[in-house]
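Please look through the model below with these notes beside you. They take up its aromatic rings and then the chain as a whole.

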Amino acid sequence: DLSEARDRNQILHIIAGVMEISLIRIDADEAVNQCLSRQRNALFILDNVEQIRNPIQSLLHDWLKTCRSCRFVVTSRILLGLDEEKTLALGPLQSNDALNLFIERARQGLAEFYMNAENKKQMHAIVQRLEALPLAVELAASRMRLMSAAQINQRMIEMDSATFAPSVSFDGLLDSDVTGTHNRERTLRSTVLWSWRLLEPW
């Protein structure tokens with residue numbers, strides 16, 4: 001997970017830590033390259049890289065030469081612009097999968113969680129309103145510790161009909177450098193703002 005990385009050096013140190021590469025008396029760039037050069041038919045998953053597009057682009061360009069048999073799966077909200085890049089757009093979940101995700105996350109946060117016909121109907125309405133976006137579904141399900149499914153659904157209905165301006169900047173967290181704002185981005189933004197609205201003042 002590279003969500004905390006902000007530059008090339010931080011990327012290298014996170015990867016070195018995950019791969020248990022010693023950085024004692026050796027440059028991080030060199031250490032990671034040496035490790036990669038010894039890999040054969042390895043698959044690496046680099047998650048959340050949109051905020052480090054330029055350094056990860058440069059590193060992947062080098063790594064694809066260092067380890068030609070290695071494959072890299074990268075998750076990002078923007079394209080990296082590599083010649084070798086192949087994209088797979090990830091859309092919403094299927095309705096039943098989204099509902100199952102909601103139920104699974106609700107059970108993780110609420111030991112006494114139970115499901116009946118009524119709250120299943122409410123949960124289905126919630127995931128439909130969230131367009132079955134995984135992150136939005138997880139954020140909403142986390143509120144089951146404090147609210148019923150009916151209350152969550154009602155709050156979301158109210159949110160749809162009201163304008164809410166939080167006293168906090170998300171520093172472009174949900175912004176895309178792709179021209180235009182897609183419906184799914186607006187849904188996710190609304191869910192994050194709704195979740196923020198429920199927080200207690202500190």
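1. A residue is called buried when its relative accessible area is under 20%, exposed when it is over 50%, and partly exposed in between, with a 1.4 Å probe and protein chains only. By that rule Phe44 counts as buried because its relative accessibility is 14%, and Phe72 counts as buried because its value is 18%.

2. This is a predicted model, in which local features need pLDDT of at least 70 and side-chain atom pairs count only at pLDDT 80 or more, while totals for chains, interfaces and linings use all residues. Residues are numbered from 1 along each chain as its sequence is written, and side-chain values use heavy atoms, with hydrogens and water left out.

3. Rings of Phe, Tyr and Trp (its six-membered ring) pair if their centres lie within 6.5 Å, and planes under 30 degrees apart count as stacked, over 60 as edge-to-face and the rest as tilted. The count by this rule is two aromatic pairs. Phe44 and Phe72 are stacked, because their ring centres are 5.4 Å apart and their planes stand at 20°. This pair links distant parts of the chain, since Phe44 lies in strand 1 (residues 43-46) and Phe72 in strand 2 (residues 71-74), 28 residues apart.

4. Trp63 and Phe72 are also stacked, because their ring centres are 5.9 Å apart and their planes stand at 25°; both residues are buried. Phe44, Trp63 and Phe72 form one aromatic cluster.

5. The protein chain has eight helices and two strands, where helices (H or I, at least four residues) and strands (E, at least two) are DSSP runs numbered from the N terminus. Of its 202 residues, 33% count as buried.
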